[in-house]
Amino acid sequence: MKVCEKVQRKGTTSYNEVADELVAEFSAADNHILPNESAYDQKNIRRRVYDALNVLMAMNIISKEKKEIKWIGLPTNSAQECQNLEVERQRRLERIKQKQSQLQELILQQIAFKNLVQRNRHAEQQASRPPPPNSVIHLPFIIVNTSKKTVIDCSISNDKFEYLFNFDNTFEIHDDIEVLKRMGMACGLESGSCSAEDLKMARSLVPKALEPYVTEMAQGTVGGVFITTAGSTSNGTRFSASDLTNGADGMLATSSNGSQYSGSRVETPVSYVGEDDEDDEDFNENDEDD
C-alpha cells in the first residue's frame with residue numbers, strides 16, 4: 001500500500017526514488033536498531049519495493065518505460081470510469097476556455113498598445129515636436145475615480161513607493177488597459193462593435209498567426225473576451241473586474257463602502273520544459289547499486 005500511495009502521489013517516478021524514500025522513512029522510525037541490522041533492513045525494504053512494483057504492473061495499475069514508472073489508476077468499473085472521464089473532460093474544457101480568454105485579452109492588449117504608439121507618433125508628427133513632459137502619462141498606470149463628495153485620506157511612504165488610500169464612499173479603479181479600451185484603442189473588439197475598417201486595422205497590428213483569432217473576436221464566435229481578476233484595496237476592501245459597470249459616467253450601484261476594480265491585464269503564460277529522458281536500462285533489484 002505504501003508503494004502504491006507513493007507512485008499515485010508522484011504520478012511519475014522511478015524504482016530508486018520510491019525505494020530511497022521508503023528506506024529513509026523506516027530508518028527514521030527505527031533509530032534504535034544497530035548499523036548492521038539497518039543495512040539488512042534497507043536491502044529487505046528495497047526487495048519488497050521491487051516485488052510491490054511488479055505486482056502493480058501485473059495489475060495494470062502502473063506502467064514502466066525504461067526506468068520511468070507512471071501511475072495509471074486503480075481498477076474501476078465501467079460506470080465509474082465513464083464518470084471520471086466526464087469529470088476530466090469538463091475540467092479540460094474549462095481550462096481551454098480560460099486559456100482562450102487569456103489569449104484574447106493578450107491580443108487586445110497588444111492591439112491597444114500598438115494603436116497608442118501610432119496615435120502618439122502621428123501627434124508628434126503633426127506638432128513637429130515631442131509632447132511637453134508635464135503632459136505625458138507613463139505606462140503602466142491606474143486611475144481611481146469617485147464622487148466629488150467622497151472624503152479621501154491619502155498616506156504616502158517616505159520613499160514614495162507605497163500609497164495608502166481610504167475612502168468613505170464607493171470608488172472605481174481602472175488599469176491602463178481598461179482606459180485604452182475606453183479610448184477606442186482596442187478597435188471595438190472588447191465590446192463587439194468592431195467595424196470592417198477597425199477589423200482590418202486590428203488584424204494588421206498582430207502577428208499573422210493570430211489574425212484568425214482577431215476575426216473570430218470581431219464576429220463574436222469565441223467566448224468571453226474579458227478575464228476576471230481580483231485584488232484588494234489598502235483598506236481590505238475586495239474588488240473584481242466582473243462587478244464593474246460598462247457606463248462611461250462611472251456611476252456604481254454598490255454599498256457605501258464598496259469598491260470596483262477593472263483589472264484587465266493578464267500575465268503571459270509560462271512554458272515549462274521537462275527533464276531529459278533517463279537512460280535505457282530497466283530497473284531491477286540491483287538498481288540501488290548503480
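These legends describe close-up views of a predicted model.

**View 1. Confidence across the predicted model.**
The protein has an average pLDDT of 75. A score of at least 70 is reached by 71% of the residues. Over residues 224-259, pLDDT stays under 50. The model has 86 contacts beyond four places in sequence for residues 224-259. Where pLDDT is low, the predicted coordinates should not be read in detail.

**View 2. A nonpolar patch on the surface.**
Four residues make up the patch: Ile152, Ile156, Tyr163 and Phe165. Together they have about 370 Å² of accessible area. Strand S5 (152-156) supplies at least two residues of the patch, and so does strand S6 (163-167). Phe165 lies in strand S6. Its relative accessibility is 32%, so Phe165 counts as partly exposed.

A disulfide is a covalent bond between the sulfur atoms of two cysteines. For Cys187, the closest cysteine sulfur belongs to Cys194. The two sulfurs are 6.1 Å apart, which is too far for a bond. Cys187 is buried, with a relative accessible area of 6%. Cys154 is partly exposed, at 39%.

The structure holds 13 salt bridges. One of them pairs Glu21 with Lys10, with the closest N and O atoms 2.7 Å apart. This pair links distant parts of the chain: Glu21 sits in helix H2 (residues 15-29) and Lys10 in helix H1 (residues 2-10), 11 residues apart. Glu21 is partly exposed, with a relative accessible area of 24%. Lys10 is also partly exposed, at 30%.

Arg91 forms a salt bridge with Glu88. Their closest N and O atoms are 2.6 Å apart. Arg91 and Glu88 are 3 residues apart in helix H4 (residues 78-127), so about one helical turn separates them. Arg91 is partly exposed, with a relative accessible area of 47%. Glu88 counts as partly exposed at 27%. Elsewhere, salt bridges that share partners join Lys6, Lys10, Glu17, Glu21 and Glu25 into one network.

**View 3. The pair Glu68 and Lys70.**
Glu68 forms a salt bridge with Lys70. The closest N and O atoms are 3.7 Å apart. Glu68 is partly exposed, with a relative accessible area of 29%. Lys70 is partly exposed too, at 37%.

How values were computed
Residues numbered from 1 in each chain as written. Predicted model: local features only at pLDDT ≥ 70, side-chain atom pairs only at ≥ 80, totals over all residues. Heavy atoms only, no water. Patch = residues over 30% accessible without salt bridge, like charges linked within 9 Å, V, L, I, M, F, W, Y side chains within 5 Å. Areas by Shrake-Rupley, 256 points an atom, 1.4 Å probe, with all protein chains shown as cover. Salt bridge = Lys/Arg side-chain N within 4 Å of Asp/Glu carboxyl O. Helix = DSSP H or I, 4+ residues; strand = E, 2+ residues; numbered from the N terminus. Buried < 20%, exposed > 50% of the residue type's maximum accessible area, 1.4 Å probe, protein only. pLDDT = per-residue confidence, 0-100. Contact = heavy atoms within 4.5 Å. Disulfide = S-S within 2.5 Å.
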